[in-house]
Amino acid sequence: MYKSISALLIWSGDYKKLADWYREKFGFSTIEELNHPQDTGIALRVGESYLWVGQHSEVKGRNRDPFRIMFNISVDSVEETYNDLAAKGVNFIAKPFKAPTFEKYFATFEDLDGNVGQLIGSK
């Protein structure tokens, strides 16, 4: 019945600044931009996935509970991607580490709004 999660949505008080950050740091490309009173934001391509960075009337300032939801971005090499993003000024709250229960590596980052994401892949 369920096929997949079709998109990850990140709401922001300054969606343009946050979308620009993801484009600049990660190199995500723009799929579309909407500027409608009830649907405003920027869709970014992450591999085959869809990341929506949008405006929401109930979201102001930084995320006050950043660890409640965490998203993973699959990469070929966590260490190489970590080095690239760290050189671009991305704030990492956990350097590359091996998962305790399986053969993958992670590195945990924080975006401009305080949302937490992780890189996942081979060392």
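This is a predicted model: local features need pLDDT of at least 70, side-chain atom pairs count only at pLDDT 80 or more; totals for chains, interfaces and linings use all residues.
Student: What makes β1 and β2 the edge strands of their sheet?

Tutor: Start with the order, which is β1-β4-β3-β2 in an open sheet of four strands with mixed pairing. β1 (8-12) and β2 (29-36) each have a single partner strand, so one side of each is left without a neighbour in the sheet. From one strand to the next, the twist averages 20°.

Student: How do you know that β3 and β4 pair?

Tutor: Pairing requires at least two bridges between the strands. Six bridges join β3 (residues 39-46) to β4 (residues 49-55), and the two run antiparallel, so they count as paired. You can find arginine 45 opposite tyrosine 50 in β4.

Student: And what makes β7 and β8 a pair?

Tutor: The test asks for at least two bridges here too. Strand β7 (residues 105-110) and strand β8 (residues 116-122) have six, in the antiparallel sense, so they qualify. Glutamate 110 faces valine 116 of β8. Their sheet is open, with four strands in the order β5-β8-β7-β6 and mixed pairing. At its edges stand β5 (70-77) and β6 (91-98), each with a single partner strand.

Student: Which strands does helix α1 touch?

Tutor: Helix α1 (residues 15-26) packs on the sheet of β1, β2, β3 and β4, touching these strands, and its direction makes about 5° with that of β3. α1 also lies across β5, β7 and β8, running at about 140° to β7.

Student: Why is the pair of tryptophan 21 and tyrosine 22 called edge-to-face?

Tutor: Ring centres must lie within 6.5 Å to pair, and planes over 60 degrees apart count as edge-to-face. Here the centres are 4.8 Å apart and the planes stand at 90°, so the pair is edge-to-face.

Student: Why do tryptophan 21 and tyrosine 22 count as buried?

Tutor: The cut-off is under 20% relative accessible area. Tryptophan 21 has 9%, so it counts as buried. Tyrosine 22 has 0%, so it is buried as well.

Student: What makes tyrosine 82 and phenylalanine 92 edge-to-face?

Tutor: Their ring centres are 4.7 Å apart and their planes are at 70°, so the pair is edge-to-face. This pair links distant parts of the chain, with tyrosine 82 in helix α2 (residues 78-87) and phenylalanine 92 in strand β6, ten residues apart. Both residues, tyrosine 82 and phenylalanine 92, are buried.

Student: Which residues do ring pairs link into a cluster?

Tutor: The cluster holds Trp21, Tyr22, Phe26, Phe28, Phe71, Tyr82, Phe92 and Phe109. Over the whole structure, a search finds eleven aromatic pairs.

Methods
Residues are numbered from 1 along each chain as its sequence is written. Side-chain values use heavy atoms; hydrogens and water are left out. Axes are lines fitted to C-alpha atoms, for helices over the stretch in contact, and angles run from 0 to 180 degrees between N-to-C directions. Contact means heavy atoms within 4.5 Å. Rings of Phe, Tyr and Trp (its six-membered ring) pair if their centres lie within 6.5 Å; planes under 30 degrees apart count as stacked, over 60 as edge-to-face and the rest as tilted. Buried means under 20% relative accessible area, exposed over 50%, partly exposed in between (1.4 Å probe, protein chains only).
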